[in-house]
Amino acid sequence: MATKKDLSVEFCGVTFENPFCLSSSPVDDSYEKCSRAFEYGWAGVFYKSFAKFKGIDVSPRFDSIGKESTPWTGFKNLEVQSDKTLEENLDILARLKKHYPEKVLAVSIMGTSDDEWTELAAAVEQAGADIIECNFSCPHMHVKGMGMDVGQDDNMVQEYTKAVRKGTRLPVIAKMTPNIGHMELPALAAMESGATGISCINTIRSMMQLDIDNCTPKPTVNGLGSIGGYSGSAIKPIALRFLTNLRQYPALANIPISGIGGIETWRDAVEFLMCGAETLQVTTAVMQYGSRIVKDLISGLSYFMEEKGYDHVRDFIGLALPHIVTTDKLPRDYEIIPQWNQDKCIGCGRCYVSCRDAAHAAIDWDADQRRPHINEDKCVGCHLCLNVCPSKDCLLPGQIRFKEGAESREIIHQVKYE
Ligand SMILES: Cc1cc2nc3c(=O)[nH]c(=O)nc-3n(C[C@H](O)[C@H](O)[C@H](O)COP(=O)(O)O)c2cc1C
């Protein structure tokens, strides 16, 4: 067992016992689910978005894709806001706060007018919420002027953030849409209108796959389909990109940001923290594996901190940011030639085929021995071969070759491909 580490974080002036929270979705839309999640160890919930009116969902509303025998790589949903009445949700919140006062109760709301946003904010504060999250980002609402319609329009973000601020003194988080080129501007609009922080990201508008027998997007609803929200591990790269963009924008460098999008493991968690997230939210991994995964997240993060000698989570928040630069700042004066380890080679030939058909044809193939040979004169160090090699430690980064005129020096480089 790892030594018990202090995993607590401060976010928007609120203390979380660890960075792990459920994000707004069906994983935290009832008293039972939230209380079970709290018992397992989640520090908080961003309770399922609700409006003044009940959401009406389609059936079915979910679909998933994997690759070969892997679990879901991507998940698609068409779900809208909570299907409970406002009164039912407020009652659940009051009971949760009463029974779990030490846990963080963040609540996601959605209005359709200034007055609705103000009234919802006041009602949620009255019910015992610690934080209010504004859903400016659902990508498949069937009511105009809600969800992503707000997050894509700086003026609406400003207007509705001000309306929420009018109704509450609690910290207000604006949950942003990734269905936009630059998130910095709506995020700034929210911060300048009274928001305390940002949640990043909601789901990505997508059409994941078709049912080719019925010629309809999945999930198929009576022979029809729609563009919906994409989530899960497939969106992690996009979430990390938006998070980094926000953090590297000078006016947003120090604001509270909650990271969301494809977090499944403690390693994903560390990546979000290193890119500047201060709390983390999860849905799709919980839909697949259950809320008990928080135990693995907590123990994995503790082991990581133990191994690296970190006493507090804040010690490594944002540590990757100085190392993330625009591509014009990357050096281009050397090549790292792969090194082939004969003992580990299984003779599959994938490195040869990929290099021949998609890179620089720098691998020769000995068909009798079923072994590759790297032709160093042709190799440009792209590392496609390392990425397709299924055998661990067979191909590794090897000799560093400086281009003509370049100064020889020590180079920091990726050691392993996982
Ligand atoms: C079925 C489903 C329902 C969701 N409902 C909401 C919602 O009501 N409000 C909201 O802000 N986000 C909602 N989301 C988005 C998630 O909170 C989260 O931002 C997104 O799924 C990315 O995280 P993940 O990859 O961990 O799932 C929903 C996501 C899913 C999959």
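Tutor: We shall take the sheet, a pair of helices and the surroundings of the ligand in turn. Please bear in mind that this is a predicted model.

Student: Let us begin with the sheet of four strands. In what order do the strands lie?

Tutor: The order is β5-β6-β14-β11, in an open sheet with antiparallel pairing. At the edges are β5 (62-65) and β11 (204-206), each of which pairs on one side only. From one strand to the next, the twist averages 35°.

Student: How many bridges join β6 to β14, and how many join β5 to β6?

Tutor: Between β6 and β14 there are three bridges, in the antiparallel sense. The antiparallel pairing of β5 with β6 runs over four bridges.

Student: Which residues stand opposite one another in these pairs?

Tutor: Lys-76 has Tyr-230 in β14 as its bridge partner, and Asn-77 is opposite Gly-229, also in β14.

Student: Which way do the residues of β6 point, and are they buried or exposed?

Tutor: The general idea is that side chains in a regular strand alternate between the two faces of the sheet. In β6, Gly-74 and Lys-76 point one way, while Phe-75 and Asn-77 point the other way. All four of these residues are buried.

Student: Which residues meet where α8 and α10 are in contact?

Tutor: From α8 come Trp-266, Ala-269 and Val-270; from α10 come Asp-296, Leu-297, Gly-300, Leu-301 and Phe-304. By class, the residues of this contact are six nonpolar, one polar and one charged.

Student: Finally, which residues come nearest to the ligand?

Tutor: Of the 28 residues around the ligand, the nearest are Ser-23, Ser-49, Ser-231, Thr-283 and Thr-284. The elements that contribute two or more residues to this shell are β4 (44-50), β6 (74-77), β14 (228-231) and α9 (284-289).

Student: How do the residues of that shell divide into nonpolar, polar and charged?

Tutor: The shell around the ligand has eight nonpolar residues, 17 polar and three charged.

Conventions
Residues are numbered from 1 along each chain as its sequence is written. This is a predicted model: local features need pLDDT of at least 70, side-chain atom pairs count only at pLDDT 80 or more; totals for chains, interfaces and linings use all residues. A residue is near a molecule or strand if its C-beta atom, placed from the backbone, lies within 6 Å of it. Ala, Val, Leu, Ile, Met, Phe, Trp, Tyr, Cys and Pro count as nonpolar, Asp, Glu, Lys and Arg as charged, and the others, Gly among them, as polar. Two strands pair if DSSP finds at least two bridges between them. Axes are lines fitted to C-alpha atoms, for helices over the stretch in contact, and angles run from 0 to 180 degrees between N-to-C directions. A residue is buried if 20 or more other C-beta atoms lie within 10 Å of its own, exposed if 12 or fewer, and partly exposed in between; C-beta atoms are placed from the backbone. Two residues are in contact if their C-beta atoms, placed from the backbone, lie within 7 Å.
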